[in-house]
Amino acid sequence: MKKGLAFFCILIVAVSFVFAQAAKEESKGMTDITVMVYERGATIAGGSTLDNNDTRWLNEQLAPKGVHLTFVGIPRSGADATIETMIAAGTAPDVIVTNGRERVMQYGSQGGLVDFTPYLDRLDPEYQELIKGTPTDMCSIDGGLYALPGMPGYFIRSHEQYIRKDIVEALGMEMPTTRDELIAFLYAVKENYPDMIPYAFSGKVTSSCFFQFVLSYTSRADERTNYIYEPSFTNCLRPGAKEGFKQLNQFYLDGIIPHDFALDIDETKFKQARANGNVAFMLYNSPDTTDFTQFGLTEGFMLWPCDTLPNADGDYLAPSSGSVNRYVYVLKSAEDAGKMDAIMEFLAFMSNEDNANTFANRLWSEEAAALDETGAPYALITKQQAQDLGYAERTSDMNNIRVSFDFGRENYIKNQSASAPNVPKEFFGERYDLFRNKDRLYHNSEIPGTLETDVYLSGLQTLICEFAFKVICAPEGQFEKVWEASYAKLVENHLEDVLNERAAWYDANKK
């Protein structure tokens, strides 16, 4: 009887071992994870999508690790609000990207995010060194790390300016280098080119069209003011900015800015005007292929990089992407679902600079090596070559924690010229010098840690854009009234609480 019992126990142990081994083998199977990327409407050829083109190379690399990746495209405009809706509906991606630290603070303080602290040693060692100190403080709450910062290889200018150089010359003017010269040019275009849009604008909820113009009326001389208003959208409300909005309102009233711009929330008209070569000046993140189509097709067409907006200190500086310009976080639900091993395999892979560079700039195929004729450390692929292969023309939004690689002026001009051979090489050289020159950037003053009022900033971002559009569109003689009413709405949504707490932090820590 004892022998039978012993045999039965051994059998139970053996069966348990077999099942354990089976479970272990099953755990080596593929785990599906979803990763958010910003969707900017870039062209992808041949019916390809984010899921079936740019993930191919990544999934080849991740498959031996038991991970299958799917990108989920989220429109860049209003992305945080979209994600908030998806989280409420239980449909959000496992890995989420935001450019706003406040979103991390909001969800992290509510217990909805994964604490990366126990997972950090799985990331690339060089990345671990990069994020020590201030960058991680940006994402920490009570000792927990609730987001991984996107560490840039170099900082880039937040906004760029472009002007029709051929029209400047036709008007007998010099290329504007100051705001007053720009304003004179815009009104000359209005008078002499009635079919042109002097200053292109859209109603998309973003600061791109107005931010740098408004900041040209402000100063960065006072450090305390910088800490109070930077780095979020509150920057365009700093002292002096009101005069900038007042000038934009005058542009609107005079037809320098299209009267119906606020209705163009998807930028349809804005993009059409650019594609038709109908824009004399624009302030935006950067041009895309549609802005180049008129080169060589329309005689004299020259949409040219320019820098016309020195600030009140006389400095030709613009906000850079900052020491941290992206935050990657994971919902607690993904950890609860047992996906963290797979997620960390993906994040560990992308935290390696070589892997991130390869994904950002190579052909994802053996042919890549043949393209490198300049001695660059990585072979560059042109936008057209990428589209011909069915890839997206840009992968910068898909790189999440190692971002913004600089291959130098020569390689930049080579790659851009190959993508747009109808555009003079001088265009790309000027663009590099004006907008990628490290000496022409300023880094925002960032408080290294969380404040209680950070939770209000995500809502204020959208409200500040709406505020800007309302005051720009104020009827004749109504600017002050619209400003006061619109600003009051910001105050109702905790703007002063945010600014006052930042001021208190500066007074306690920096004086």
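How much accessible surface does the protein chain have, and what percentage of that surface belongs to carbon and sulfur atoms? The accessible surface comes to about 22,700 Å², and 51% of this area belongs to carbon and sulfur atoms. The structure is a predicted model. This briefing begins with the chain as a whole and then turns to a helix pair, an aromatic pair and an arginine.

**The chain as a whole**

- The protein chain contains 511 residues, of which 51% are buried.
- Its secondary structure consists of 22 helices and 14 strands.
- When contacts between residues at least 6 apart in sequence are considered, 77% of them join residues at least 24 apart.

**Two packed helices**

- Two packed helices are described by the angle between their axes and the distance between the axes.
- Helix α21 covers residues 479–492 and helix α22 covers residues 495–509; the two pack at an angle of about 65°, and their axes are 5 Å apart.
- Helix α21 is therefore roughly perpendicular to α22, because angles of 65 to 115 degrees count as roughly perpendicular.
- On the α21 side, the contact is made by Y487, L490 and V491, while α22 contributes L495, E496 and L499.
- By residue class, this contact of α21 with α22 comprises 5 nonpolar residues, no polar residues and 1 charged residue.

**An aromatic pair**

- A pair of aromatic rings is described by the distance of the centres and the angle of the planes.
- The structure holds 29 aromatic pairs.
- One of the aromatic pairs is formed by F292 and F428, whose ring centres are 5.7 Å apart and whose planes stand at 90°, an edge-to-face arrangement.

**A buried arginine**

- R274 is located in helix α12, which spans residues 268–275.
- Is R274 buried or exposed? Its relative accessibility is 4%, so R274 counts as buried.
- Leaving aside residues up to four places away in sequence, R274 touches V279, M282, Y284, S286, P287, D288, T290 and D291.

Note on methods
Residues are numbered from 1 along each chain as its sequence is written. This is a predicted model: local features need pLDDT of at least 70, side-chain atom pairs count only at pLDDT 80 or more; totals for chains, interfaces and linings use all residues. Side-chain values use heavy atoms; hydrogens and water are left out. Axes are lines fitted to C-alpha atoms, for helices over the stretch in contact, and angles run from 0 to 180 degrees between N-to-C directions. Helices (H or I, at least four residues) and strands (E, at least two) are DSSP runs, numbered from the N terminus. Angles under 35 degrees count as roughly parallel, over 145 as roughly antiparallel, 65 to 115 as roughly perpendicular and the rest as oblique. Contact means heavy atoms within 4.5 Å. Ala, Val, Leu, Ile, Met, Phe, Trp, Tyr, Cys and Pro count as nonpolar, Asp, Glu, Lys and Arg as charged, and the others, Gly among them, as polar. Buried means under 20% relative accessible area, exposed over 50%, partly exposed in between (1.4 Å probe, protein chains only). Accessible areas come from the Shrake-Rupley method with a 1.4 Å probe; for residues, only the protein chains shown count as cover. Rings of Phe, Tyr and Trp (its six-membered ring) pair if their centres lie within 6.5 Å; planes under 30 degrees apart count as stacked, over 60 as edge-to-face and the rest as tilted.
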